[in-house]
Structures are given as structure tokens and as C-alpha cells.
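Thanks for asking me to look over this chain. Here are my notes, as numbered points you can check against the coordinates.

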Amino acid sequence: AALSSRERRSLTVLDLDFRPTFWHSVDEVGTVVRSALRYATVAVGNVAEVEAAVGTTEPDAAADRLLELGVNLVIVKLGPAGVLAKSCDERLEVQAKPINVVNGLGAGDAFGGALCHGLLAGWSLLKTVTFANAAGAIVASRLSCSEAMPTVNEIEELLERAPRA
């Protein structure tokens, strides 16, 4: 109902957020996600989440399938390999920031919040995904979860000191 009320207006983001313990089967997940995607303009998920949605772990193929379902932008989080972002006219990969992982809890939330921040600010796709990737990395390098969320200044500092890919 919340998604349908958006009527697929610009920047309706669907976080695929697949947690196997909450579902009876992967087929059920795919059916529900594909139904929800008709209201979304942006889909975000890691490799397992896009597989549950569209049946493949290959990032480009999964992104293509999600685009075929009508979203304008697909973000596939690749863990230590970085991030793939794909639209109908743009494709880019952002390498992961070198960090010592302490706790992955909350890293996806930081990524998602920073992604929305960049999208709403009208940043380029490269700047947005690079910023989101850094936000997730910062949280993964910290022990706590919600208390570990980075500030804009912390993200910018990481991006300034990180080696360029």
C-alpha cells in the first residue's frame, strides 16, 4: 500500500532486503518483490537479494532483469568487490574502500541512507554510489550499528584519503 501510494513517482527506492528466515521460499520472495517493483524507480540489493528477486547472481544480468521490470536504476552491492550501478544509459562499478571489517551490521543501512541522500541532492551517479559505498564501509569498520552511522564529514574524509581506483 505504501509503495502503490507513490504511483512510481521519481525516486521511489525499494531495498530488496532479503532475510531467508522471514519467508517460506525464495519463489515467494521473487513473486512479492517483482510485484513491489512495479511501484519503484530504484532497486537496491546485494547479490543474494537480487538473486531472490530475479533468479541470478551475475550482477549485470540481475541488473538487466531488474531494469526490464521497469525500474530506472539498479544498485547491486558486491561486498568486498564494491558496487555495480546500472540504468538504461549508464553503467559503473565503484571499488570497495579498503577497511578492516569489524561488524557488518548496519553497513547496508548506512549505504541506503547515503544513497538516498545523493539521489535527493541530484548528485551524479558516480558521486552518489561512491559516497554510499564509503558510508557502508565506515559502519562496517565500527563495532556498533546505529551509533556507528557516519556523518557527511566522516564520509568525505574517507573519500579524500582513500586511494583512487
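**Notes on the fold**

1. Let me begin with overall size. A compact globule of 165 residues would have a radius of gyration near 15 Å, and the chain agrees because its own value is 15 Å. That radius is taken over C-alpha atoms, and the globule rule is 2.2 Å times the number of residues to the power 0.38. The C-alpha trace spans about 40 × 35 × 30 Å along its principal axes.

2. A word on provenance. This is a predicted model, in which local features need pLDDT of at least 70 and side-chain atom pairs count only at pLDDT 80 or more, while totals for chains, interfaces and linings use all residues. Residues are numbered from 1 along each chain as its sequence is written, and side-chain values use heavy atoms, with hydrogens and water left out.

3. On secondary structure, the chain has 7 helices and 5 strands. Read from the N terminus, the order is α-β-α-β-α-α-β-β-β-α-α-α. These elements are DSSP runs numbered from the N terminus: helices are H or I with at least four residues, strands are E with at least two.

4. Next, burial and surface. Of the 165 residues, 43% are buried, where buried means under 20% relative accessible area, exposed over 50% and partly exposed in between (1.4 Å probe, protein chains only). The chain exposes about 8800 Å², with 54% of that supplied by carbon and sulfur atoms; the areas come from the Shrake-Rupley method with a 1.4 Å probe, and for residues only the protein chains shown count as cover.

5. Contacts are defined as heavy atoms within 4.5 Å. Among contacts in the chain with a separation of 6 or more, 58% join residues 24 or more positions apart.

6. Which residues touch the most other members of the largest nonpolar core? They are Ile75, Phe111, Leu115, Leu125, Val129 and Ile155, in a core of 26 residues. Two or more residues each come from β2 (42–46), β3 (73–77), β4 (83–87), β5 (91–94), α5 (107–121), α6 (125–140) and α7 (152–161). The largest share, 9 residues, belongs to α6. A nonpolar core here is a set of buried Ala, Val, Leu, Ile, Met, Phe, Trp, Tyr and Cys residues joined through side-chain atoms within 4.5 Å.

7. Ile155 deserves a click in the viewer. Not counting residues up to four places away in sequence, Ile155 touches Phe131, Ala134, Ala135, Ile138 and Pro150.

8. Now for two loop residues. Asn72 sits between α4 (59–68) and β3 and counts as partly exposed because its relative accessibility is 48%. Leaving aside neighbours within four places in sequence, Asn72 is in contact with Thr41, Leu67, Lys86, Ser87 and Cys88. Leu143, in the loop between α6 and α7, has 67% relative accessibility and so counts as exposed. Beyond residues up to four places away in sequence, Leu143 touches Val102 and Asn103.

9. Finally, some backbone angles to inspect. Leu11, in the loop between α1 (2–6) and β1 (13–15), has a positive phi near 60° although it is not glycine. Asp17, in the loop between β1 and α2 (26–37), also has a positive phi, near 30°, in a residue other than glycine. Leu11 is partly exposed at 32% relative accessibility, and Asp17 is partly exposed at 35%.
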